[in-house]
Amino acid sequence: MTATHDLGTSAPATSDLFRSVFRRHASGVAVITAQGTRPVGFTATSLASVAAEPPLLSFGVGTGSSSWPVLSEAEYVGVHILGEHQRELAATFARSGADRFGPATGWRSGPEGVPVLDGVLAWLVCRVVARIPAGDHRVLIGEVTTGTAAGTGRPLLYHQGRFHALRD
């Protein structure tokens, strides 16, 4: 005998329905960085592994974001996996108008001149190989050129519009 679950009534596809559904989807938190005339970066929850050979990943970026003008032309980007101890860093890179590379943010110029953040669980530098139009966003595909997974700790998660620690 199978259990039945109340699936509710369906609703027409709207941006509100879409956001409501994805608030229920927990995701890891990353910060994407790039170097233009100044460093730029943003918090991303859309990071995904695409392929192992060659190593490819993807993430989405809004074309209206302050980072887009640099990302639209950047040859290389940095991808940083945040730890649960980095909620404030995630919030800083998510906040419009924030001084993302100010004194409170530890970072250095890394391979290919990409800004590399301090204290993250892991980071990668990727060569941008595609920018795919997707509504008001672009999906960037990056081929990993270098990085490290030497950080320690547990990942930061995003769920229901807030940052969370992983629980067992």
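Me: Is F59 buried or exposed?
Reply: This is a predicted model, and the values are computed from it. Buried means under 20% relative accessible area. F59 has a relative accessible area of 2%. F59 is therefore buried.

Me: What kind of aromatic pair do F42 and F59 form?
Reply: The whole structure holds five aromatic pairs. In the pair of F42 and F59, the centres lie 6.1 Å apart and the planes stand at 55 degrees. Planes under 30 degrees apart count as stacked and over 60 as edge-to-face, with the rest in between. The F42 and F59 pair is tilted.

Me: How many residues apart are F42 and F59, and which strands hold them?
Reply: The pair links distant parts of the chain. F42 counts as buried at 10% relative accessibility. F42 sits in strand β3 and F59 in strand β5, 17 residues apart.

Me: What geometry do the rings of F93 and F101 have?
Reply: Both F93 and F101 are buried. Their ring centres are 5.3 Å apart. Their planes meet at 85 degrees, so the pair is edge-to-face.

Me: Which residue meets E88 in a salt bridge?
Reply: E88 is exposed, with a relative accessible area of 53%. Its side chain meets a partner at 3.5 Å, N to O. The partner is R95.

Me: How far apart in sequence are the parts tied together by R154 and E84?
Reply: The side chains of R154 and E84 meet in a salt bridge at 3.9 Å, N to O. R154 lies in the loop between β10 and β11, and E84 in the loop between β6 and α3. R154 counts as partly exposed at 30% relative accessibility, and E84 is partly exposed at 28%. The pair therefore ties together parts that are 70 residues apart in sequence.

Me: What separates R19 and D16 along helix α1?
Reply: Their side chains meet in a salt bridge at 3.8 Å, N to O. R19 is partly exposed at 47% relative accessibility, whereas D16 is exposed at 56%. An α-helix has 3.6 residues a turn, so residues three or four places apart point the same way. R19 and D16 are three residues apart, and so are separated by about one helical turn.

Me: How many salt bridges does the whole structure have?
Reply: One of them joins R19 and D16. Another joins R154 and E84. A search of the whole structure finds five.

Me: What area does the nonpolar surface patch with V21 have?
Reply: V21 is found in helix α1, residues 15–23. V21 counts as partly exposed at 45% relative accessibility. L17, F18 and F22 make the patch together with V21. The patch is about 380 Å².

Me: Which residues does S58 touch, beyond those up to four places away in sequence?
Reply: S58 is placed in strand β5. At 11% relative accessibility, S58 counts as buried. The residues touched are S46, L47, A48, V50, V139, L140 and I141.

Me: What distance separates the C-alpha atoms of P54 and E143?
Reply: P54 is found in the loop between β4 and β5. P54 is partly exposed, with a relative accessible area of 35%. P54 and E143 are 89 residues apart along the chain. Their C-alpha atoms are separated by 7.0 Å.

Me: What is the radius of gyration of the protein chain?
Reply: The chain has three helices and twelve strands. For 168 residues the globule rule gives 15 Å. The chain's value is close to that, so the chain is as compact as a globular protein of that length. The radius of gyration is 17 Å.

Terms used
Residues are numbered from 1 along each chain as its sequence is written. This is a predicted model: local features need pLDDT of at least 70, side-chain atom pairs count only at pLDDT 80 or more; totals for chains, interfaces and linings use all residues. Side-chain values use heavy atoms; hydrogens and water are left out. Patches are made of residues with over 30% relative accessible area and no salt bridge: like charges are joined within 9 Å, nonpolar side chains (Val, Leu, Ile, Met, Phe, Trp, Tyr) within 5 Å. Accessible areas come from the Shrake-Rupley method with a 1.4 Å probe; for residues, only the protein chains shown count as cover. A salt bridge is a side-chain nitrogen of Lys or Arg within 4 Å of a carboxyl oxygen of Asp or Glu. Helices (H or I, at least four residues) and strands (E, at least two) are DSSP runs, numbered from the N terminus. Buried means under 20% relative accessible area, exposed over 50%, partly exposed in between (1.4 Å probe, protein chains only). The radius of gyration is taken over C-alpha atoms; the globule rule is 2.2 Å times the number of residues to the power 0.38. Contact means heavy atoms within 4.5 Å. Rings of Phe, Tyr and Trp (its six-membered ring) pair if their centres lie within 6.5 Å; planes under 30 degrees apart count as stacked, over 60 as edge-to-face and the rest as tilted.
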